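Colleague: I would like a close look at a single part of this model. Please take it slowly and spell out the cut-offs as you go.

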Amino acid sequence: MIRIILLSFCLAYSLPCFSKSESKCFGGTANGKLENGWQLPSSGKNFEAYSSLGVVAGRTYVHSKVYRVILAAYKNLEQSNPTVTYIYGETGFEHGGRFKPHKTHTNGLSVDFFVPVINSKGKSEQLNIGITNKLGYNIEFNTKATYNDLTIDFESIAKHIDALNTAAIKEGIGISVVIFDNEFQKQLFLTPTGKTLKNRIAFSVKKPWVRHDEHYHIDFKVGCTH
Ligand SMILES: [Zn+2]
């Protein structure tokens with residue numbers, strides 16, 4: 001009886017309580033693989049996946065440690081940034097490996113997050129993601145960080161990265177790098193929370209191979225077998 005109650009509790013809260021082994025990662029983010037990948041919940045109180053198609057296609061698996069870090073950060077943001085619903089993007093396959101069109105995302109440690117936005121009235125909104133904009137990745141922000149009437153909410157990005165970093169340290173892992181448009185990084189570092197990130201977290205310095213304007217990519221640091 002207790003087992004049944006526990007099981008329904010686990011299912012209701014998408015908790016991996018039974019028979020879920022810890023993940024094991026191999027190689028680097030660009031040439032690795034993953035054992036026992038965990039699929040992120042498609043939605044929660046203050047977050048959702050970029051696309052149900054992506055979820056069904058099995059494109060939202062991560063390393064178990066990264067899984068816990070992502071959910072702990074969202075939990076923290078329920079208090080620290082309650083008006084924002086965050087969207088995460090592509091992560092990787094259950095067993096890792098080549099993940100086109102991405103160059104990395106092969107060993108469960110790479111995660112894309114779509115930028116939170118505010119509308120012209122200053123209210124938090126969510127990007128309209130669908131097939132027409134290649135599941136969000138074709139959305140282009142101009143140099144003023146706006147797209148239609150939406151502007152990137154840099155402080156909410158900073159709070160998210162801060163929460164991820166705190167959760168990663170608690171989990172005994174870390175953030176290896178945050179890849180984000182070089183110009184937008186400057187705007188991020190002007191926000192109250194962003195200011196505090198600059199010297200604590202590694203951000204991409206070189207111009208990335210695709211413009212990371214509509215999403216920020218994070219590689220987590222987990223000891224993998226090489
Ligand atoms: Zn990415």
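Which residues does L164 touch, not counting residues up to four places away in sequence?

Modeller: L164 touches V69, A73, I175 and I218, with residues up to four places away in sequence left out; two residues are in contact if their C-beta atoms, placed from the backbone, lie within 7 Å. Residues are numbered from 1 along each chain as its sequence is written. This is a predicted model, in which local features need pLDDT of at least 70, side-chain atom pairs count only at pLDDT 80 or more, and totals for chains, interfaces and linings use all residues.

L164 belongs to the largest nonpolar core, which has 52 residues, and together with I70 and Y88 has the most contacts inside that core. A nonpolar core here is a set of buried Ala, Val, Leu, Ile, Met, Phe, Trp, Tyr and Cys residues joined through C-beta atoms within 7 Å. Buried means that 20 or more other C-beta atoms lie within 10 Å of the residue's own, the C-beta atoms being placed from the backbone.

Helix α4, residues 154-171, gives the most to this core, with 8 residues. Helices (H or I, at least four residues) and strands (E, at least two) are DSSP runs, numbered from the N terminus. The 18 residues of α4 reach 26 Å from first C-alpha to last, close to the 26 Å expected, where the expected span is 1.5 Å times one less than the number of residues. Among the buried residues of α4 are F154, I157, I161, L164 and A168, and also K159, H160 and D162. After α4 comes G172, with a positive phi near 85°.

Now the sheet. Its 6 strands form an open sheet with mixed pairing, in the order β4-β5-β7-β8-β14-β13; two strands pair if DSSP finds at least two bridges between them. β4 (43-44) and β13 (174-179) are the edge strands, each pairing on one side only. α4 packs on this sheet, touching β7, β8 (110-114), β13 and β14 (215-221), and its direction makes about 155° with that of β13. Such angles run from 0 to 180 degrees between N-to-C directions, with axes fitted to C-alpha atoms, for helices over the stretch in contact. Elsewhere in the sheet, β5 (residues 47-49) and β7 (residues 86-88) run parallel and are joined by 3 bridges, with Y86 as the bridge partner of F47.

As for the whole chain, there are 6 helices and 14 strands, and 42% of the 226 residues are buried.

Key. A residue is buried if 20 or more other C-beta atoms lie within 10 Å of its own, exposed if 12 or fewer, and partly exposed in between; C-beta atoms are placed from the backbone.
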